[in-house]
Every structure is written in structure tokens, then in C-alpha cells.
Amino acid sequence: MKLFSTVLLALLVFSEFSGAFSAAQGNSATPSTVPNIPRSGSSIALHVSSTMQVASEMGGAFMSSSKCDADGNLYVRKLAVDRPLLGPVVKIDRDGKRIALFDPAAFSQLALDRADGFSPASDGGMYQIAQSGGLKPRMYVLRFSSDGSASSPTLLDAAFEVYTFAAFADGNFLVSGVKRDVRNKNDRGRNFTAVFSADGRELAQLSFEAPQESAKASAGKANTGVLLAVAEKATPGLDLAEAEVGSDGNLYVMRFSSPAQVYVIGPSGKIMKTIKVSSPRPGALPSAFHLSGNRLALSFWNDENQRQTVVVADAQTGRKIASYGDPTGLGPSFACYSANDGVFTFLRLGEGNELEVVRAEAQ
């Protein structure tokens with residue numbers, strides 16, 4: 001969603017029909033152990049430290065949002081041309097080897113129409129939200145084992161268009177999207193966010209205030225933020241976007257706004273706190289984020305220079321620690337962040353249409 005490329009095509013398809021979002025990175029980090037962090041208020045360029053071509057993923061495009069688990073494995077959702085709303089998620093280890101394929105087609109008994117956001121599980125498996133039924137949708141949480149085999153699905157007591165999904169460590173689920181009358185083309189719907197139990201019961205509904213924007217950000221919104229523009233075309237302005245689970249068991253969920261807002265949500269559905277992270281420059285909007293220990297890394301896209309800036313902030317207060325520039329175009333998909341190592345991981349398509357994993361560090 002960040003560059004006009006083959007990947008953008010996949011991202012636009014994904015933005016129109018789904019929004020996916022969850023992961024867990026268990027690396028811990030304290031201010032004294034985080035390498036290559038310049039003093040607050042300064043910025044530094046990111047440089048490629050390694051580029052790896054993934055042989056098993058030659059050809060085709062991938063969708064947002066890619067994720068990592070605590071072991072550094074990548075989870076990448078592929079775009080399947082023959083079934084664009086039911087593409088599989090591949091799990092790739094640090095050496096670039098595919099070690100699992102999570103395919104919603106394995107749940108053939110559900111007659112699924114689409115599968116959307118996914119969330120790596122602590123045992124190496126994965127959760128994914130999916131639906132079937134057309135005008136009367138049925139929403140399921142698919143459960144995959146670590147080898148990619150299908151486990152028992154959970155039917156949720158709900159019916160709406162899902163754009164954000166994440167699994168809590170205790171087995172509950174956060175689901176966010178839009179409720180609307182699908183038979184009425186003029187119904188733009190209303191936002192709906194709720195926490196569900198592991199057996200599919202609704203536990204709590206959540207509500208969020210509209211984010212406050214600066215005058216400059218509001219004036220420039222029409223010309224900035226490809227992702228936000230696409231999202232607003234499909235919905236009345238989403239409550240939530242990407243989500244990751246923290247080591248405290250809560251979900252950290254980002255909203256596409258300026259400044260960026262990250263909500264800390266407990267398994268019961270209580271909003272524990274709201275963290276605000278300022279944009280690195282006027283007009284820059286958040287496009288992705290990752291959580292590592294007590295650090296948040298947020299990627300901001302700026303339409304003027306067609307570049308992204310990654311802001312690292314304290315995960316408890318939102319205090320900016322550093323800004324990292326991308327002078328060479330590391331890749332449109334910000335996939336992982338490791339605070340302990342000071343490594344940022346991006347995905348892109350190579351010249352031969354192969355998936356490339358690009359790791360970058362501050363120098």
C-alpha cells in the first residue's frame with residue numbers, strides 16, 4: 001500500500017476486501033540493551049545489512065500485513081490469482097526456507113468466501129479470521145497447527161465485515177470492522193469492534209473517539225496516505241488497523257491517524273491506555289507498526305518524497321526515541337522489528353518477481 005508496484009496491487013486488493021493484522025514478537029529490550037539508538041530527537045539512515053531471496057516463493061505478489069513470531073519466522077500472506085480472497089499464508093524461517101503453509105482451503109467443509117487477518121500462535125501455529133455465507137455471513141476463526149494442518153474452527157456470534165483481527169495470548173479474539181446492510185449500496189455502515197471468547201461468545205464491545213488531527217495533517221489528507229485513502233473508500237474510517245500482542249498479554253492496536261494512536265487492550269475488552277506517537281513530519285501517516293519488548297516501531301509514509309520513515313517509540317509512553325530514514329527504498333512492506341538486535345525487516349519483490357527479505361540496520 002505504500003508504493004505503486006506489483007505489491008501495491010496486492011495491497012489495494014487486500015485493503016478493499018480485508019484487513020489483517022496481528023502478530024507477536026517476544027524479544028525483550030530495555031533502553032540499556034537496544035543497539036544503534038541515537039539520542040532522542042535525532043534521526044539516522046537505515047542501510048541494508050542483508051538481502052535474501054526466498055526460493056520457494058518465486059512469482060506472484062504478497063499482501064499486507066506480514067508478521068514475525070518470537071523465533072524470527074516470517075508469516076507472509078500470498079496473493080492467489082485464482083482465489084484472491086483465499087490466499088494462503090506461508091511461514092518462512094530465518095534461512096529463507098518455507099516451513100509451513102497455512103491454507104484456508106483446508107477448511108473445505110466451511111465453504112469459505114474469504115479469509116483475512118491472521119495471528120501467529122505461541123505454539124508455532126496460526127489463527128485466521130474468515131467468513132462464508134454471502135448476504136448472511138458466518139464468521140469463523142480458523143486454527144492451524146504448526147505444520148499447517150487444519151484444526152477445529154470457531155464460529156463467532158457475530159456478522160459484519162472484518163478489517164482487523166488479533167488473538168490474545170489467553171485465547172480470546174479482538175475483531176474490528178464495519179456493520180452495514182450489504183443489500184443497500186448506499187449504506188456506508190458503522191464501525192464495530194468487540195472482544196470474543198475462545199468459544200466464540202461476544203464478551204465486550206469497544207468504542208473509540210474520532211482522532212484529533214492537526215490542521216496541516218487535515219489539509220493534506222487528500223494527497224497523502226495511500227493506505228488511509230483506500231481504507232476510507234471502503235469504510236467510514238476504520239476504528240483500528242494493525243495489532244500485535246505484547247509480552248504483558250495485552251494487544252497493542254494501531255489506528256491510522258495523525259498523530260498515530262496505539263490502543264492497549266486487555267483480554268476482557270478494557271482499553272488500558274492510549275499511546276500517541278507524533279508523525280516525523282507534516283503529512284506523514286502511519287502505514288505499519290511492530291512491537292518488540294518495550295519498543296514500538298511505526299512506519300510513516302510521506303507522499304511528497306515517496307519515502308518511509310520508521311519512528312521508534314517507548315511502548316508505555318509513546319515518547320519518541322529515534323527516527324530512521326529510508327534513503328534507498330528498502331521495501332514497501334515493513335515486516336518485523338527486533339529491538340535487541342536493532343534490525344528492521346522489509347519485504348519486496350525482486351526483478352525476477354521473487355520474494356526478497358531485506359534486513360536493515362542503522363549505521
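Predicted model: local features only at pLDDT ≥ 70, side-chain atom pairs only at ≥ 80, totals over all residues.
Residues are numbered from 1 along each chain as its sequence is written, and side-chain values use heavy atoms, with hydrogens and water left out.

- Strand 15 covers residues 251–255, and five of its five residues are buried; buried means under 20% relative accessible area, exposed over 50% and partly exposed in between, with a 1.4 Å probe and protein chains only.
- Strands here are DSSP runs of E with at least two residues, and helices are runs of H or I with at least four, numbered from the N terminus.
- In a regular strand the side chains alternate between the two faces of the sheet.
- In strand 15, Leu251, Val253 and Arg255 are buried on one side, and Tyr252 and Met254 are buried on the other.
- Strand 14 (residues 243–245) pairs with strand 15 in the antiparallel sense over three bridges; two strands pair if DSSP finds at least two bridges between them.
- Alanine 243 is opposite valine 253 in this pairing.
- Five residues separate strands 14 and 15 in their hairpin, and glycine 249 in the turn has a positive phi of about 90 degrees.
- Strand 16 (residues 260–265) also pairs with strand 15 in the antiparallel sense, over five bridges, with arginine 255 opposite glutamine 261.
- Strands 15 and 16 form a hairpin too, with four residues between them.

**Nonpolar cores**

- The largest nonpolar core has 18 residues, of which Tyr252, Val262, Ile275, Val277, Leu296, Leu298 and Phe300 touch the most other members.
- Such a core is a set of buried Ala, Val, Leu, Ile, Met, Phe, Trp, Tyr and Cys residues joined through side-chain atoms within 4.5 Å.
- Two or more residues come from each of strand 15, strand 16, strand 17 (271–277), strand 18 (285–292), strand 19 (295–302) and strand 20 (307–314).
- A second, separate core of 17 residues includes Ala322, Phe334, Ala339 and Ala362.

**Aromatic pairs and charges over rings**

- Rings of Phe, Tyr and Trp (its six-membered ring) pair if their centres lie within 6.5 Å, with planes under 30 degrees apart counted as stacked, over 60 as edge-to-face and the rest as tilted; the count comes to 11 aromatic pairs.
- Phenylalanine 160 and phenylalanine 192 have ring centres 4.8 Å apart and planes at 65 degrees, so they are edge-to-face.
- Phenylalanine 160 is in the loop between strand 9 (154–155) and strand 10 (161–167) and phenylalanine 192 is in strand 12 (residues 190–196), so their pair ties together parts 32 residues apart in sequence.
- Both phenylalanine 160 and phenylalanine 192 are buried.
- One aromatic cluster is formed by Tyr324, Phe334, Tyr337, Phe344 and Phe346.
- The charged end of lysine 179 sits over the ring of phenylalanine 192, 4.3 Å from its centre; the rule asks for NZ of Lys or CZ of Arg within 6 Å of the ring centre and within 35 degrees of the ring normal.
- Arginine 143 lies over the face of tyrosine 127, at 4.7 Å from the ring centre.
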